[in-house]
Amino acid sequence: MATLQVPSSVPSADEDCEQLRKAFAGWGTNEALIIQILAHRNAPQRKLIREVYAATYGEDLLKDLDAELSSDFQRTVLLWTLDPAERDAFLANEATKRLTASNWVIMEIACTRSSQDLFKARRAYHARYKRSLEEDVAYHTTGDFRKLLVPLVTAFRYEGDEVNMMLAKSEAKTLHEKISDKAYNDEEIIRILTTRSKAQLNATLNQYNNQFGNAINKNLKDDPKDEFLALLRATIKCLTSTEKYYEKVLRLAINKLGTDEWALTRVVTTRAEVDLQHVKEEYHKRNSVPLDRAIAGDTSGDYEKMLLALTGHGNL
């Protein structure tokens with residue numbers, strides 16, 4: 001097994017654990033030290049810190065962080081410290097609970113992760129909850145939502161660039177026929193969206209645009225109040241234009257009358273090591289304001305500092 005190569009400028013996991021322990025000592029917690037360490041460590045480094053902390057002190061770092069911190073800052077630090085697959089499992093489970101139910105979060109995890117990452121999240125879900133993700137999604141959803149979400153979370157899409165243009169043309173025609181008939185929950189629409197590779201879907205939707213003179217999501221706006229249609233449009237956006245999808249989630253989270261901290265925290269913690277730099281560019285282009293400035297204007301304290309540290313995380 002290869003050992004983790006930690007850059008020489010970064011302290012060892014032993015040193016990090018010692019410093020974290022110091023941050024928890026005494027009457028007050030040293031939040032700045034926690035941010036300085038955890039916000040500047042990548043996923044393998046954070047995993048190693050958790051292992052060394054448990055081995056050295058016989059305690060779970062996540063439980064200590066949970067006890068020492070509070071509010072949105074606590075949630076951000078805990079989500080960030082989790083392994084990406086564990087984090088996805090936690091968020092998906094939360095999204096199936098009655099008080100925190102969110103079809104959107106389930107769809108987002110299913111559509112924006114690579115096939116391998118979604119598979120790892122499903123495995124982490126088994127390990128943590130002793131149930132499968134798909135059985136919980138099936139149990140906690142109904143009707144058209146269940147019909148779409150269960151195959152989305154069980155998908156293992158081909159990840160290559162190969163595209164079948166004949167298939168793209170014929171499936172564009174199929175999609176158009178079903179949408180024209182307002183058969184939005186038709187099994188053919190569900191089959192295409194939940195099984196085809198992202199490259200194939202992009203080709204199909206380009207064909208749709210070329211053949212019928214309209215982007216598919218324009219034709220799915222028949223009833224603006226229809227929640228299933230909104231989820232269907234978001235699914236397509238997630239699968240074909242991830243950065244634009246996340247830009248919109250951030251824009252809505254920040255521009256609301258009150259900030260949607262859960263959405264803001266989820267996007268920053270799950271995308272910081274993936275594509276947040278691209279999302280930031282998309283956000284700046286769409287809103288004429290840098291994402292960092294928008295976050296700083298809408299949040300405060302340690303929560304703001306942690307988010308800003310993570311939005312600059314792309315160079316790790």
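Are Y245 and Y246 buried or exposed? In this predicted model, Y245 is buried, and Y246 is buried as well.

Seven aromatic pairs are counted in the structure. One of them joins Y125 and Y129, whose ring centres lie 4.8 Å apart; their planes meet at 50 degrees, so this pair is classed as tilted, given that edge-to-face requires an angle over 60 degrees and stacked one under 30. Both tyrosines belong to helix 8, which covers residues 115–129. Along that helix, Y125 and Y129 are four residues apart, or about one turn. Y125 has a relative accessible area of 0% and is buried. Y129 has a value of 15% and is likewise buried, because the term applies under 20%.

The rings of Y245 and Y246 also pair, with 5.2 Å between their centres. Here the planes stand at 75 degrees, so the arrangement is edge-to-face. As noted at the outset, both of these residues are buried. Elsewhere, ring pairs connect F24, Y53 and Y57, and these residues form a cluster.

The charged end of R46 is placed over the ring of W80, at 3.7 Å from the ring centre. For W262, the residue over the ring face is R75, and the distance to the ring centre is 3.6 Å.

Methods. Residues numbered from 1 in each chain as written. Predicted model: local features only at pLDDT ≥ 70, side-chain atom pairs only at ≥ 80, totals over all residues. Heavy atoms only, no water. Phe/Tyr/Trp six-rings, centres within 6.5 Å; stacked < 30°, edge-to-face > 60°. Helix = DSSP H or I, 4+ residues; strand = E, 2+ residues; numbered from the N terminus. Buried < 20%, exposed > 50% of the residue type's maximum accessible area, 1.4 Å probe, protein only. Lys NZ or Arg CZ within 6 Å of the ring centre and 35° of its normal.
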